[in-house]
Amino acid sequence: MPTNALADVTASDSTLRRFLHGLPGVDAVGLEARAASLGTRSIKTTAKAYAIDLAISMIDLTTLEGADTPGKVRGLAAKAVRPDPTDRTTPHTAAVCVYPDMVATAKAALAGAGATDVKVASVATAFPAGRAALDVKLADTRDAVAAGADEIDMVIDRGAFLSGNYMKVYEEIRAVKEASGPARLKVIFETGELSTYDNIRRASWLGMLAGADFIKTSTGKVAVNATPANTLLMLEAVRDFRAQTGVQVGVKPAGGIRTTKDAIKFLVLVNETAGEDWLDDHWFRFGASSLLNDLLMQRQKLATGRYSGPDYVTVD
């Protein structure tokens, strides 16, 4: 729901369009240069150890495959709770992210482990394409919440957005937000399909105006997913949105973030762009499946001075 500061922006299709197209244009060269510059920051020793643990705590450990089984989801939940069974000081991940039909399995596995702090996130709204009627998307969302999902990751109708039908996208997000009830809503833009940085900025503001708790780059199912530049742009958007409205919104880059080096680059982006208030799993997440293994290997290397063998981490 738009705050009082921006309530008139969504009064009609024309006012919404005027607002979104009135946002400052993105300097693509400057954006990419700043993202690249921040990515060269050197983080070592105790700061690196802190960053690794922080990154682990921000992961939405994800399996979104047609071949997912209850056994695989239970294994993923166990790994989320205790990423390194040999070291109990390793933090748990923020969440486990699964399809709606696997939410109950994940919820039961986490409850059995006494892991009340690990959330269950579920993709919904005909993920990843989003090509379904609104009533189907809402039913998908309600089913996931009824099964115990703490968070819903929805995809926007990119076709409607790219056609300039911003009000349709806005109203769909609002409807899914309502259907999500107590669950936090992450709105996925699929930035790799939005073509321009200007569109990513517009989508970010559109999602926040509609009530997103998080804005998320990607599904992880297309060629171009999270990049430092598109994540930097979204971090600028949440920073500016809070400055105007007082409402804080989270950011979730997803897809293609596989190494500790990559994760630390993104944490630097967060700190230098949005600020320390976002350096928390309540406001920043990594959508990842393979990232956790590399973080664990690097964590162990810092602790012992050597890398472990290939069987040190589980193969997801």
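In what order do the eight strands of the open sheet lie? I started my notes there, working from a predicted model.

I read the order as 7-6-5-4-3-2-1-8, with parallel pairing. I then looked up the edges. They are strand 7 (250-252) and strand 8 (286-288), and each pairs on one side only. Neighbouring strands are turned by 25 degrees against each other on average, with direction ignored. Helix 8 (residues 166-180) touches strand 4 and strand 5. The direction of helix 8 makes about 150 degrees with that of strand 5.

**Strand 5**

I moved on to strand 5, residues 184-188. Which strands does strand 5 join through bridges? I found strand 4 (residues 151-155), running parallel and joined by five bridges. I also found strand 6 (residues 214-216), again parallel, joined by three bridges. Valine 187 gave me a partner in each of these strands. Methionine 154 has valine 187 as its bridge partner in strand 5. In strand 6, isoleucine 215 stands opposite valine 187.

I followed the chain from strand 5 onward. Strand 5, helix 9 (residues 197-209) and strand 6 make a β-α-β unit, and that unit is right-handed.

Is strand 5 buried or exposed? I noted it as mostly covered, with five of its five residues buried. I sorted the side chains by direction. Arg184, Lys186 and Ile188 point one way, while Leu185 and Val187 point the other way. All of these are buried, Arg184 and Lys186 included. In a regular strand, side chains alternate between the two faces of the sheet.

**Cores**

I turned to the nonpolar residues. How many residues does the largest nonpolar core have? I recorded 94. Those with the most contacts inside this core are Leu16, Trp205, Ile215, Leu267, Phe284 and Phe286. Ile215 was already in my notes, opposite valine 187.

Leaving aside its neighbours within four places in sequence, I listed its contacts: Met58, Phe214, Leu235, Val251, Pro253, Phe266, Leu267, Val270 and Trp278. I also logged a second, separate core of seven residues, among them Leu64, Ala121, Val123 and Val155. Nonpolar side chains tend to be buried together in soluble globular proteins.

Definitions and conventions: Residues are numbered from 1 along each chain as its sequence is written. This is a predicted model: local features need pLDDT of at least 70, side-chain atom pairs count only at pLDDT 80 or more; totals for chains, interfaces and linings use all residues. Side-chain values use heavy atoms; hydrogens and water are left out. A nonpolar core is a set of buried Ala, Val, Leu, Ile, Met, Phe, Trp, Tyr and Cys residues joined through side-chain atoms within 4.5 Å. Buried means under 20% relative accessible area, exposed over 50%, partly exposed in between (1.4 Å probe, protein chains only). Contact means heavy atoms within 4.5 Å. Helices (H or I, at least four residues) and strands (E, at least two) are DSSP runs, numbered from the N terminus. Two strands pair if DSSP finds at least two bridges between them. A crossover is right-handed if, with the strands pointing away from the viewer, the path from the first strand over the helix to the second runs clockwise. Axes are lines fitted to C-alpha atoms, for helices over the stretch in contact, and angles run from 0 to 180 degrees between N-to-C directions.
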